[in-house]
Amino acid sequence: MRRFDVDRDQPRPAMVLDDATIALYLDGQMTFWMQGHYVIGRGDLLLVPAGMPHYVVEAVRADARGVSLSLASLPDGPREA
């Protein structure tokens with residue numbers, strides 16, 4: 001589990017992660033770009049799919065807890081889409 005604690009007034013470069021990430025926002029507010037701009041705040045759940053470019057545009061006291069999910073670590077076998 002990761003903790004995200006962000007204050008940012010300038011965008012940072014786009015990131016692309018190998019794993020999907022889920023983050024629950026506990027406090028503050030953040031403007032986030034992922035194929036469009038989103039304003040995220042307390043109680044919002046954010047899912048970033050693996051390989052999806054994204055970045056934080058602006059954040060004020062954004063406090064979140066996140067988990068990365070690696071599908072590559074699952075055993076081989078049938079998977080339903």
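T21 is buried, at a relative accessible area of 6%; here buried denotes under 20% relative accessible area, exposed over 50%, and partly exposed in between, with a 1.4 Å probe and protein chains only. The structure is a predicted model, in which local features need pLDDT of at least 70 and side-chain atom pairs count only at pLDDT 80 or more, while totals for chains, interfaces and linings use all residues. Residues are numbered from 1 along each chain as its sequence is written, and side-chain values use heavy atoms, with hydrogens and water left out.

T21 belongs to strand β2, where strands (E, at least two residues) and helices (H or I, at least four) are DSSP runs numbered from the N terminus. The side chain of T21 makes a polar contact of 3.4 Å with that of S68. Such a contact is a pair of N or O atoms within 3.5 Å; within protein, one must be able to donate a hydrogen and the other to accept it, and residues adjacent in sequence count only if both atoms are side-chain atoms.

Strand β2 pairs with several others, pairing being assigned if DSSP finds at least two bridges between two strands. With β5 (residues 55-69), β2 is antiparallel over 12 bridges, and L24 faces R65 of β5. Strand β4 (residues 45-48) also runs antiparallel to β2, joined to it by 4 bridges; I22 has L47 as its bridge partner in β4. The pairing of β2 with β3 (residues 37-41) is antiparallel too, over 5 bridges, with W33 opposite H37. In the hairpin of β2 and β3, 3 residues lie between the strands, and Q35 adopts a positive phi near 60°.

M15 is partly exposed, with a relative accessible area of 28%. Apart from neighbours within four places in sequence, M15 is in contact with M52, P53 and H54, contact meaning heavy atoms within 4.5 Å.

Charged side chains provide further links. Side chains of opposite charge can pair when their charged atoms come close. The structure holds 2 salt bridges, each defined as a side-chain nitrogen of Lys or Arg within 4 Å of a carboxyl oxygen of Asp or Glu. One joins D27 and R42, at 3.3 Å from N to O. Because D27 lies in strand β2 and R42 in the loop between β3 and β4, this pair ties together parts that are 15 residues apart in sequence. D27 is partly exposed at 36%, and R42 is exposed at 60%. A salt bridge also forms between D63 and R65, whose closest N and O atoms are 2.6 Å apart. D63 counts as buried at 14% relative accessibility, whereas R65 is partly exposed at 29%.

Residues up to four places away in sequence aside, L46 touches T21, I22, A23, Y25, F32, M34 and I40.
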